[in-house]
Amino acid sequence: MKKSALIFILIISLFLSACGKREESRDSVSIWCLEDEALLPELRNEIEKYNKNIKGDYLPVSIRTFPDFKSLSEGFNALRPDLIICTQAKAEELNSLGLCRDIGSLFIGREIEFPDYIIRRSPQTGRSYFPIGGDIPLLCGKEEQNFKDFKTLCKAAEEYGEKEGLPFLSLQRLPELFYYEMLSAGKEFHGVQELDIKSPLYKEIYNSIANGVFTGGLNIADEGSAQLIKEGHLAFAGVFGSSLQGMDLSEFKISLMPSMKPDNSLYARSSGLAVCIRDGREQKSTAQFLSWLFSEERAKELSLKSGLVPLVSLGEFEGTNQFENLLLSVSREKELHLPEFDRDFIKNQENFEAEFKAQISCIMP
């Protein structure tokens, strides 16, 4: 019996030892994000570089994608990641649920610098959330852009449709566009038509878009508008910067999307890394990766290559083309508006978009 017990203990010990080694060899700093995350293509490249040059006993980095936040949340319940790529608003929501971890103490002596207004906006910055870039609404085309405001732009599309029977302008991500346009006039967009329709400004924006759609001069697109301009099928496109990443933009003229009240607050959808390390999990490897990513201009370059306005302090950093220089000028000259997680707009944007597209489809030529 004693001999059998000893053999059993030895077998169990070997089994546990083998499991431990397999787990350790597979272990990594895990990053989760959505499949359509703006940072994803370029971040993959950065992670590959990082993993090839790891020194010491730091863990490599892995990334896993999900089609939507519902499936990500379901996965979260089973296996908590170390980092999630998400918006500032989503990070605040995670923090309110007690799912974010403050690792700011691990950066003492190597603090990451962020613009003051972002730190004021969210004390989590540089502690449990590390913003990288902001996706902003832009207008691109091959021609000079002389539209004094959004209403003028839509009117040009409406008149072109009446005359030519062809599209002149394409718009995407309508809930965010509505939010941006109403924000420029100091008004809140709720994403609930029963509330928003009480605002004359909302009705003005809605009708400007609808009139353009009715004549065929304006269309609503999910993606691909910039390519249509390149091929000569469209004069202008209202896009977000992330949709331009990786494109040859040498023929394009790009500017901020005309707003109802120009030169006021500029909406942005932020992208950054929220720290969600579970209890008992080693933290130094996550801190090491973040420290590496935010050093030697990497985060700035990552943001620009992804078509985003850098949300880190820039110093003397310069761009390599007119699109990057536009994004850098916005970073230096404007305080981007990053909505809080409890705004009506954040909760209602998906429903609003579906409802708006259904209504607009009834008047398409």
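This is a predicted model: local features need pLDDT of at least 70, side-chain atom pairs count only at pLDDT 80 or more; totals for chains, interfaces and linings use all residues.
Let me start with strand S6 (residues 169-171) and strand S8 (residues 236-240), which run parallel and are joined by 3 bridges; strands, like helices, are DSSP runs numbered from the N terminus, at least two residues (E) for a strand and at least four (H or I) for a helix. Within this pairing, Leu169 has Phe236 as its bridge partner in S8. Residues are numbered from 1 along each chain as its sequence is written, and side-chain values use heavy atoms, with hydrogens and water left out.

Both strands belong to an open sheet of 5 strands, with mixed pairing and the order S7-S6-S8-S5-S9, where two strands pair if DSSP finds at least two bridges between them. At the edges are strand S7 (218-220) and strand S9 (253-256), each pairing on one side only.

Phe236 brings us to the aromatic rings. With which ring does Phe236 form an edge-to-face pair? The partner is Phe147, at 5.2 Å centre to centre and with 85 degrees between the planes; rings of Phe, Tyr and Trp (its six-membered ring) pair if their centres lie within 6.5 Å, and planes under 30 degrees apart count as stacked, over 60 as edge-to-face and the rest as tilted. Phe147 sits in the loop between S5 and H6 and Phe236 in strand S8, 89 residues apart, so that the pair links distant parts of the chain.

Now to the helices. Helix H6 (residues 150-164) packs with helix H9 (residues 200-215) at an angle of about 20 degrees, their axes 7 Å apart; axes are lines fitted to C-alpha atoms, for helices over the stretch in contact, and angles run from 0 to 180 degrees between N-to-C directions. H6 is therefore roughly parallel to H9, given that angles under 35 degrees count as roughly parallel, over 145 as roughly antiparallel, 65 to 115 as roughly perpendicular and the rest as oblique. In contact, meaning heavy atoms within 4.5 Å, H6 residues including Phe150 and Cys154 meet H9 residues including Ile205 and Ile209.

Helix H7 (residues 174-184) also packs with H9, at about 130 degrees and with the axes 10 Å apart, which means that H7 is oblique to H9. Here Leu174, Phe178, Glu181 and Met182 in H7 meet Leu201, Tyr202, Ile205, Tyr206 and Ile209 in H9.
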